[in-house]
Structures are given as structure tokens and as C-alpha cells.
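Here are a few notes for your first look at this one. Have the viewer open and follow along point by point.

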Amino acid sequence: MVSITSTGVGTTWATSPWANTETREPPSVTSTAVREMLGADDPPTAIFASQNLVTVGAVRALRALGRSREIALVGFDDFALAELVDPPVTVVAQDPRSLGAAAADLLLRRIAGETGPPQEIVIPTELVVRGSGEIPPPT
């Protein structure tokens, strides 16, 4: 499995050891990276995309190559129309309301003067099985 990650502060950047450039357009760069990965001598049988714009780029590349039913794809963070793509995209969905509420609570407590060690707060995610992540590797 290969993970395509995104980094940056205040903006989203897609990076990959297979991509020759960085851009503020993750789907474009991700599409290029996926195409290059799948053209490698030992291509991946599955892709985990780290956020929704990266997932969209992977979907574009797999569709353009006619391989959307050959390579498993799971994205982190749900996106609009994920269930309408063929095959529908399996995702790990976050709970943005809970995430925002927890962040706001911590911030307001700090502003009110609370001190103390850093806290680890775990916000559950949900695996939304739709089909793209369940594609088996070739035999």
C-alpha cells in the first residue's frame, strides 16, 4: 500500500516521492503521482489518500487509466459525491463538528487561564465502506 500525503500550513500541498513538482492543486499533482506509481516495476495494489482533495486526484488518475476497479482506494476524510463515483469511494470519515468543538473548548480554557500539560483528545472516525477499498489484489 502507498500513502500519498499532504503537508503545509494554511494551504494544502500534495507531495509524493513520485511527483516531480509541488503545487497548490492536489488533485492534479496526485493524479500525476498515481500515474507514475502505477507505471512502476512493482506498482501498488492499493492506495490510501490522506485527505479528500488527494483522494479526488487518485480517482481521476485511476479512471483515466481504466484501473478504478483494479486498484483499491481508501481516502481519509469524506467528500461530496464520493458515493456517486464508480466504484463508490471508501473513506475514513471524520466528525468535523466534534473536532471543532474539542478544539474550541481547549482554546477557550487556555484563554481563561487554564494551564497544564498538553492533552491528547481522541475523536472517533468511521470507516465508510462503499466499494473502492474492498477491491482485492490480483492473484
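1. Start with Ala46, which sits opposite Ala72 in β4. The strands involved are β3 (residues 46–49) and β4 (residues 72–76); they run parallel, with 4 bridges joining them. To get from β3 to β4 the chain passes through helix α2 (residues 52–64), and this β-α-β crossover is right-handed. Bear in mind that the model is predicted.

2. Next, have a look at Ser31 in helix α1 (residues 26–38). Its relative accessible area is 10%, so Ser31 counts as buried. Setting aside neighbours within four places in sequence, Ser31 is in contact with Gly57, Arg60 and Ala61.

3. Most residues other than glycine have a negative phi, and most peptide bonds are trans. Yet the peptide bond joining Asp86 and Pro87 is cis, with omega at about -5°.

4. Asp77 isn't a glycine, but its phi is positive, about 95°. With 23% relative accessibility, Asp77 counts as partly exposed.

5. Leu81 also has its place in the loop between β4 and β5. Its phi is positive as well, about 75°, although Leu81 is not a glycine. Is Leu81 buried or exposed? At a relative accessible area of 53%, Leu81 is exposed.

6. Last stop: Leu108 in helix α3 (residues 96–111). Leu108 has 56% relative accessibility, so it counts as exposed. Together with Leu107 and Ile111, Leu108 makes up a nonpolar surface patch with about 340 Å² of accessible area.

Key. Residues are numbered from 1 along each chain as its sequence is written. This is a predicted model: local features need pLDDT of at least 70, side-chain atom pairs count only at pLDDT 80 or more; totals for chains, interfaces and linings use all residues. Side-chain values use heavy atoms; hydrogens and water are left out. Patches are made of residues with over 30% relative accessible area and no salt bridge: like charges are joined within 9 Å, nonpolar side chains (Val, Leu, Ile, Met, Phe, Trp, Tyr) within 5 Å. Accessible areas come from the Shrake-Rupley method with a 1.4 Å probe; for residues, only the protein chains shown count as cover. A salt bridge is a side-chain nitrogen of Lys or Arg within 4 Å of a carboxyl oxygen of Asp or Glu. Helices (H or I, at least four residues) and strands (E, at least two) are DSSP runs, numbered from the N terminus. Buried means under 20% relative accessible area, exposed over 50%, partly exposed in between (1.4 Å probe, protein chains only). Contact means heavy atoms within 4.5 Å. Two strands pair if DSSP finds at least two bridges between them. A crossover is right-handed if, with the strands pointing away from the viewer, the path from the first strand over the helix to the second runs clockwise.
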